[in-house]
Amino acid sequence: MILVIAGTRDGRELARDLTAAGYPVIVSVFSEYGKQLAAESSPAISAGALDEPGMVRLLQDKEVALVVDASHPYAVNVSHNAMAACAQTGAAYLRFEREETALPADDKIRRVADARQAAQVAAGLGNVVFLTTGSHLLPVFKAEPALADCRLIARVLPQPDVIAACSALGFAPKDLVAMQGPFSHQMNVAMFRHYGAEVVVTKNSGHTGGTDSKLTAARELGLFVVVIDRPRPDYPQLADSAAAVLAFAAARLRK
């Protein structure tokens, strides 16, 4: 059995490719919405957050021989738990890492290490900050004293629990953009312009995550962009394409 941790579209596509190649596959996702999307690729789904013991139990119960970790590039806790569980159970581990967006030489782009630094830097660049970092980082920006007098616009998934969490943080409906991405260059230009954004905050999620179109839209409008760099766990094995994942699976499971 192969477990695909499918935190993104990449993972769902890998699950589909592995299933088509004849491997038994189970897909692990975090949310019910992710479960709905993943069901299009594989009938076997495990939904919910898994800590290290939970991951160990899943690998043992399903007799998993290979874990393909296609979790979001910034979901480092998921990766750490998966690597530790593989070490305990003897399952092989492969990290699928999507390509980053190459940041152009631009004096309006600021690279930072984490969300707290992003909040501090953004506060000094403008009064209207458009956040495209995902809802789980929003508390960091709301808690930053330097942003207290700034208008924060949050673009988040249109899920009831996400909207409720944003409301609890103090986001007014007029400051929420509840839409499913990624978005085109033209759509980003329209949104940034509509909200009068002066600063855009993003992760470097690569082309799949829509980082490229955010950067080009911000450049067209002359906006500052704060980019949160990816964390760099020490992965034992890395792949950057479906072909590489299939080759690894063939080598490990068809000896």
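1. Helices H8 and H9 (residues 211-221) pack at about 50°. H8 and H9 are therefore oblique to each other. Their axes lie 8 Å apart, and the crossing of H8 and H9 is right-handed. Note that this is a predicted model.

2. Which residues make the contact of H8 with H9? H8 supplies His 185, Asn 188, Val 189, Phe 192 and Arg 193. H9 supplies Ser 213, Lys 214, Thr 216, Ala 217, Ala 218, Glu 220 and Leu 221. By class, the residues of this contact are five nonpolar, four polar and three charged.

3. The axes of H3 and H4 come within 9 Å and cross at roughly 50°. That angle makes H3 oblique to H4. The crossing of H3 and H4 is right-handed. From H3, the contact takes in Glu 52, Met 55, Val 56, Leu 59 and Gln 60. From H4 come Asn 81, Ala 82, Ala 84, Ala 85, Cys 86, Gln 88 and Thr 89. The contact of H3 with H4 has seven nonpolar, four polar and one charged residues.

4. On to the aromatic rings. The structure holds two aromatic pairs. One of them joins Phe 130 and Phe 192, edge-to-face, at 5.0 Å centre to centre with 70° between the planes. This pair links distant parts of the chain, 62 residues apart. Phe 130 sits in strand S7 (residues 128-131), while Phe 192 belongs to helix H8. Phe 130 counts as buried because its relative accessibility is 0%. Phe 192 also counts as buried, at 1% relative accessibility.

5. What is the geometry of the pair of Phe 130 and Tyr 195? The ring centres are 6.0 Å apart and the planes stand at 70°, so the pair is edge-to-face. Phe 130 lies in S7 and Tyr 195 in the loop between H8 and strand S10 (199-203), so the pair ties together parts 65 residues apart in sequence. Phe 130 and Tyr 195 are both buried. Ring pairs link Phe 130, Phe 192 and Tyr 195 into a cluster.

6. Next, the backbone. Most residues other than glycine have a negative phi, and most peptide bonds are trans. Two places deserve a look against that background. A cis peptide bond joins Gly 181 and Pro 182, with omega about 0°. Pro 182 lies in the loop between strand S9 (176-178) and helix H8 (185-194).

7. The other place is Glu 63. Glu 63 has a positive phi of about 50°, although it is not a glycine. Where does Glu 63 lie? Its place is in the loop between helix H3 (52-61) and strand S4 (66-70). Is Glu 63 buried or exposed? At 66% relative accessibility, Glu 63 counts as exposed.

8. Last, Ala 75. Ala 75 is found in the loop between S4 and helix H4 (76-89). At 24% relative accessibility, Ala 75 counts as partly exposed. The C-alpha atoms of Ala 75 and Arg 230 are separated by 9.7 Å. Along the chain, Ala 75 and Arg 230 are 155 residues apart.

Technical notes:
Residues are numbered from 1 along each chain as its sequence is written. This is a predicted model: local features need pLDDT of at least 70, side-chain atom pairs count only at pLDDT 80 or more; totals for chains, interfaces and linings use all residues. Side-chain values use heavy atoms; hydrogens and water are left out. Helices (H or I, at least four residues) and strands (E, at least two) are DSSP runs, numbered from the N terminus. Buried means under 20% relative accessible area, exposed over 50%, partly exposed in between (1.4 Å probe, protein chains only). Axes are lines fitted to C-alpha atoms, for helices over the stretch in contact, and angles run from 0 to 180 degrees between N-to-C directions. Angles under 35 degrees count as roughly parallel, over 145 as roughly antiparallel, 65 to 115 as roughly perpendicular and the rest as oblique. A crossing is left-handed if the near helix is turned anticlockwise from the far one by less than a right angle, and right-handed if clockwise. Contact means heavy atoms within 4.5 Å. Ala, Val, Leu, Ile, Met, Phe, Trp, Tyr, Cys and Pro count as nonpolar, Asp, Glu, Lys and Arg as charged, and the others, Gly among them, as polar. Rings of Phe, Tyr and Trp (its six-membered ring) pair if their centres lie within 6.5 Å; planes under 30 degrees apart count as stacked, over 60 as edge-to-face and the rest as tilted.
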